[in-house]
Amino acid sequence: MMTSSSNIMEIIRRNLLDIQQRMQAAVVRSEFRINIPKLIAVTKYAEPEWIEALVELGCRNFGESRPQQLAQRKVWLAEVKDLNWHQIGHLQRNKVRPVVESGAWIHSIDSWRLLDRIEEISAELQLTTPLLLQINISGEEQKSGFAPEDFLEEVERIKSLNHCRVLGLMTMAPDTEDENIIRNVFRELRILRDQARQKLPAELQLPELSMGMSGDFEIAIEEGATMVRVGSKLYRGLTS
């Protein structure tokens, strides 16, 4: 049985309100945040009408894992002028150009080679690309990202960039039910960011911490997240 447009809107409205309320409560519990973090609605598996509902309900930050789909959806919603797109999935060096052309934030810079490529393409297109460096805090082999010690050792490399704005760090917690493990990963990213700040000038203070997804965004906010990436919880009741 298909879900009607009015029912889709009501389901997503209810889910969005629940997430927003939980985010607000987490901010109250956190000693690190004053403002509510940006909610990035992850739309990788979302149907077009679900995204339209989110736009109508006021969401303005959308996250995609696949560069081609990001570019297509940006064109599709081009009439909505104040949308911000975020490339949150792994990015291959040969897929950099369309993402840079889209003007999206890139959350998944996981190597200096990739960063150099984005700088090169951004310079060629005369654009400035906002991005975050992905840190593999948990050390899991299946996860991409800089090792914390390697990042800290070479962080001053970002001072030489002219067409990339490194605005912060991103990480993902392990898939575990142990909240202490999850919390420690987010806490260690914040501590790493604070250590990096000591090596960087005032204009490169890495204000953004993109951490927390549907299963752990509240813990991430308690530990200082400025952006949370939420997908499945926005669509509860719409998927089987």
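**Helix α7.** I began with the length of helix α7, residues 179-197 of this predicted model. At 1.5 Å a residue, its 19 residues should span 27 Å, and I found the end C-alpha atoms 27 Å apart, so the two agree.

Next I checked how α7 starts. D178 caps the N-terminal end, with a side-chain oxygen 2.9 Å from the backbone nitrogen of N180.

Then I looked up which residues of α7 are buried: I182, R183, V185, F186, L189, R190, L192, R193 and A196. What covers them includes α6 (148-154), β6 (164-170), β7 (208-210) and α8 (217-222).

**E208.** Buried or exposed? E208 has a relative accessible area of 12%, and the cut-off for buried is under 20%, so E208 is buried. Leaving aside neighbours within four places in sequence, I noted that E208 is in contact with several residues, including K38, W105, L132 and L169. L169 is 39 residues away from E208 along the chain, yet their C-alpha atoms are separated by 6.4 Å.

**Strand β1.** I moved on to β1 (residues 38-42) and saw that four of its five residues are buried. Which strands does β1 pair with? One is β8 (residues 227-230), parallel to β1 over four bridges; here L39 has V228 as its bridge partner. Another is β2 (residues 61-64), also running parallel to β1, with two bridges; there V42 is partnered by G63. I followed the chain from β1 through helix α2 (residues 48-56) to β2, and this β-α-β crossover is right-handed.

**Salt bridges.** My search of the whole structure turned up 20 salt bridges. Side chains of opposite charge can pair when their charged atoms come close. I wrote down a few:

- E64 and R73 meet at 2.7 Å, N to O. E64 is buried at 0% relative accessible area, and R73 counts as buried at 11%.
- E124 pairs with R97, the closest N and O atoms being 3.0 Å apart. E124 is in helix α5 (residues 112-125) and R97 in helix α4 (residues 96-102), so this pair ties together parts that are 27 residues apart in sequence. E124 is partly exposed at 48%, and R97 is partly exposed at 31%.
- D116 and R157 meet at 3.6 Å, N to O. D116 is in α5 and R157 in the loop between α6 and β6, so parts 41 residues apart in sequence are tied together.

My last entry is a network: salt bridges that share partners join R29, R183, R187, R190, E222 and E223.

Terms used. Residues are numbered from 1 along each chain as its sequence is written. This is a predicted model: local features need pLDDT of at least 70, side-chain atom pairs count only at pLDDT 80 or more; totals for chains, interfaces and linings use all residues. Side-chain values use heavy atoms; hydrogens and water are left out. The expected span of a helix is 1.5 Å times one less than its number of residues. Buried means under 20% relative accessible area, exposed over 50%, partly exposed in between (1.4 Å probe, protein chains only). Contact means heavy atoms within 4.5 Å. A polar contact is a pair of N or O atoms within 3.5 Å; within protein, one must be able to donate a hydrogen and the other to accept it, and residues adjacent in sequence count only if both atoms are side-chain atoms. Two strands pair if DSSP finds at least two bridges between them. A crossover is right-handed if, with the strands pointing away from the viewer, the path from the first strand over the helix to the second runs clockwise. A salt bridge is a side-chain nitrogen of Lys or Arg within 4 Å of a carboxyl oxygen of Asp or Glu.
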